[in-house]
Amino acid sequence: MTSVTRDQAGSDAVASQSIRAPSDSRRLSVRGPAGGITGRWVVYQLHWLLGITLGFVLALMGITGATMSFEDQIMRALSPGVVTVAPRAAPVLTPDALLARVRAQRPETRVEGVFLSARTDEAARVLFAGGMGGNRGERAYVDPYDGTVLGRATGEEFFAFVRRLHRWLALPGNGDGMGRQITGAAVMALLFFCASGLYLRWPRRPLDWRAWLALDTGAKGRAFLWSLHAVIGTWVLLVYLVIGLTGLWWSYDWYRDGATRLLTGQPLPAREEGPRGERGAGKRDNGAAPVSIDTAWAALLAREGDRYATALLSVPGKPGAPVRVRYRPVGARADQPFDEMALDGATGAVTSESHFADKALGARLLAGVLTLHRGTYFGTGGAVVFMVAAGAMPLFTITGLLMYLDRRRKKKAARVARDGAQDGAAGPLAPAPLAYPTTDTTLTIAYASQTGTAEQLAWRTAGVLRDGGRAPQVLPLAKLDLNALRGRLLVVASTYGEGEAPDDARAFAKKRMAVPADLAGVDFAVLALGDRQYETFCGFGRALDRWLGESGATRLFDPVLVDDNDANALRQWQEHLRALGAGAAPDWAPETYGRWRLAERRLLNPGSPGGPAYHLALEPLDQPMPVWAAGDIAQILPGNDSGAHHRDYSIASLPAEGRVDLLVRQQTRPDGTLGLGSGWLTAGAAVGGEVRMRLRANPGFHAPSGPAPLILIGAGTGLAGLRGHLKHRQALGLGDAWLLFGERNAATDAWHAEEIAAWQAEGTLARVDLVYSRDGQGYVQDRLAAQGDIVRQWVDRGAAVYVCGSLEGMAPGVDRALEAILGRDRLDALTANGRYRRDVY
């Protein structure tokens, strides 16, 4: 950081207790050590790809399935006088008499069967032949006492359409068309979602029920969407497995045959269509007289008497064919599969019979596949559970789609931000007159940036020079080739801590600047960024300016020193750039501070021996929620005083949460008064009151570009920056992160302990080391040094190392520990490649 105004935690705010994740942490890695594709990555890609395609089909099937769950009960309630009739003392008609009267009223139709009930208030139902493609035929409700056709029940046409949507999306061809193939594929996808969802969210502690079933109602944005998607998905997982495994019965013949062989050991019997697609009707002779079924019905009544509740009689298609009766005994569940009997139509003799209660379990499951699919196999309670689960299917499509769109939006925002920083590659070709003549107009812009400000100013510098017809090369100072350098060199350099070089330029400062180089013929200028509160204001920029002069380069103008994005200093730099041929550019004055409301202030460490630390939450007052990335910084004006120097704080939340979270430790001056920034935020500003704040990008601490393993190290309020990264990984479904965090006492300083435990349980964190110094456990750097072999293993497989916290004690100690583990050359190489990043203050 270029500013020391960020409140600092004491050096013993570094410590903790070791908590290790199970050894199967590899499950959470989406990609391999070098970012290569892994099995988990493939599963994840298939999960979202199928989700945003077939997920919409499943959503429709779920809604329609839930709608049909209590179809008969709904139509019975809506249609008294049609589904039900007034009981009478007269006897009901025999099946032949009943069907004869129906045929007289409906001569254009062909009867396939009749559904009779033992209840005296129940209408009979006559089933007519269906249309092409196996579509369900029409049914008519008939008064069993006089044979009057009562018409259709209210809602029957609606449910018929819903049924077509559910089975084949109401597409042409019905069960023989494309719709059946699509719904079959969707059911297969449902089974894949169950398996892949379970695999992708498998928690580190699988025996912890909260990791599976606890919905995070306090989460916001993407985190809340993920909680809905994953946790509720776990609630309904078993139901969806049953729905999927039974739903395939109607989708694929090969599945029906395989299920039959598996559950009964026998092949699937040949299908003969009867009423509603029932087996055993045989071919019909449409010109023949109707076949009598009264004898068979009388024989059934003689055997069963009043022990039957409902019965479905199929009308044989030709004389001599058996009459098949499917009936449900009294006392059986309303949706229990039927018993079956075949009787000789002339004599009433029973030729075959099958009772559901006598079947083996496998055969009962096959006979009750529809009741299993609807949940009624498990009683009314099961039907309600299955209905709710089916109705919830759109939830997963919607939440999955919103998370997908959010991921696309964030990727686009990141791409726009990167492209914007490099904007201006093409500009006017005619060069402007030069106020600083030189023998070589080659132009190089180098930057040394800790938090991204210097890098941004370097790209802005390049942009205005390109607008003037120049063609500068922009690169990090660490990658500057001194041997090939010529022409002009412009350097934008920030100062870190007490006059130190930024992390990305530390190796350059140590190795290259130790002795003068041979830079004769090079013209240079330096824009130095710093903070006047340091005695070594712009120390590294000044040192770089001196070294370039001592190396024989010619100074174009004195270094421009910028304190806190000072507008006058930036204008001075712009004037020098115009003299170098730059085009006109807008004022580079920093953005103004927005108005925010302090929505929450919560003490994190009551009773701690350290200074009070608070969790703060701020919400925008009169502006839309800005976009930022994990690792970015909030700049706050103490007391809302525009004359005060801003204070920088790491952001501990993501934009999707709708607020900016900060972790602030209250600082006390030697005279006992509170620090200007921390004192105002933790004690002076009223909750609900206004805070002036602006957000600043900190690309030097942004997340890795790919799903690489991540080691997060911090102490005290440094947890803020690490928390932002963990939330980012959670939102992306990434795991393979290791947190080492230090504080004073486990009893009083276990900051955000439940959140950390939840991240570990769900797999965002593969490993956690909490180190509490006052409990005799040493400091974070000590724990890190003790686990050098593990650190090397993580780094060897591509891990990036992020450090956030105090520059006094913790950060230098961690740096020394990493140097001892990895070697300075490798640590410098990690820094140059963006795999060792620090946000320390």
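Buried means under 20% relative accessible area. I keep that cut-off at hand for these entries, since the model I am reading is a predicted one.

**Entry 1: charged pairs**

I began with opposite charges. Side chains of opposite charge can pair when their charged atoms come close. How many salt bridges does a search of the whole structure find? I noted 46.

I looked up arginine 506 and aspartate 503. Their side chains form a salt bridge, at 3.6 Å from N to O. Are the two residues buried or exposed? Both arginine 506 and aspartate 503 are buried.

Next I checked aspartate 828 with lysine 511. This salt bridge spans 3.8 Å, N to O. Aspartate 828 belongs to helix α26 (residues 824–832) and lysine 511 to helix α17 (residues 506–512), so the pair ties together parts 317 residues apart in sequence. Aspartate 828 has 12% relative accessibility, so I call aspartate 828 buried. Lysine 511 has 48%, so lysine 511 is partly exposed.

Then I turned to aspartate 648 and arginine 696. Their salt bridge is 3.5 Å, N to O. Aspartate 648 is in strand β19 (residues 647–650) and arginine 696 in strand β21 (residues 690–696), so this pair ties together parts 48 residues apart in sequence. Aspartate 648 is buried at 1% relative accessibility. Arginine 696 is buried at 10%.

I also traced a network. Salt bridges with shared partners join Asp503, Arg506, Lys511, Asp815, Glu819, Arg824, Asp825, Asp828 and Arg838.

**Entry 2: rings**

I counted aromatic pairs next. The structure holds 15. One of them is phenylalanine 115 with phenylalanine 338, an edge-to-face pair with 6.5 Å between centres and 75° between planes. Where do these two sit? Phenylalanine 115 is in strand β2 (residues 111–117), and phenylalanine 338 is in the loop between β7 (323–329) and β8 (339–343). The pair links distant parts of the chain, 223 residues apart. Phenylalanine 115 is buried, because its relative accessibility is 13%. Phenylalanine 338 is buried at 13% too.

The charged end of arginine 125 sits over its ring, 4.2 Å from the centre. I found arginine 767 over the face of tryptophan 738 as well, at 4.9 Å from the ring centre. Ring pairs also link Tyr252, Trp254 and Tyr255 into a cluster.

**Entry 3: surface and cysteines**

Trp209, Leu213 and Trp235 make a nonpolar surface patch of about 360 Å². Tryptophan 235 lies in helix α8 (residues 221–235). Tryptophan 235 counts as partly exposed, because its relative accessibility is 45%.

Cysteine 194 is buried at 7% relative accessible area. Cysteine 804 is buried at 0%.

Methods:
Residues numbered from 1 in each chain as written. Predicted model: local features only at pLDDT ≥ 70, side-chain atom pairs only at ≥ 80, totals over all residues. Heavy atoms only, no water. Buried < 20%, exposed > 50% of the residue type's maximum accessible area, 1.4 Å probe, protein only. Patch = residues over 30% accessible without salt bridge, like charges linked within 9 Å, V, L, I, M, F, W, Y side chains within 5 Å. Areas by Shrake-Rupley, 256 points an atom, 1.4 Å probe, with all protein chains shown as cover. Salt bridge = Lys/Arg side-chain N within 4 Å of Asp/Glu carboxyl O. Helix = DSSP H or I, 4+ residues; strand = E, 2+ residues; numbered from the N terminus. Phe/Tyr/Trp six-rings, centres within 6.5 Å; stacked < 30°, edge-to-face > 60°. Lys NZ or Arg CZ within 6 Å of the ring centre and 35° of its normal.
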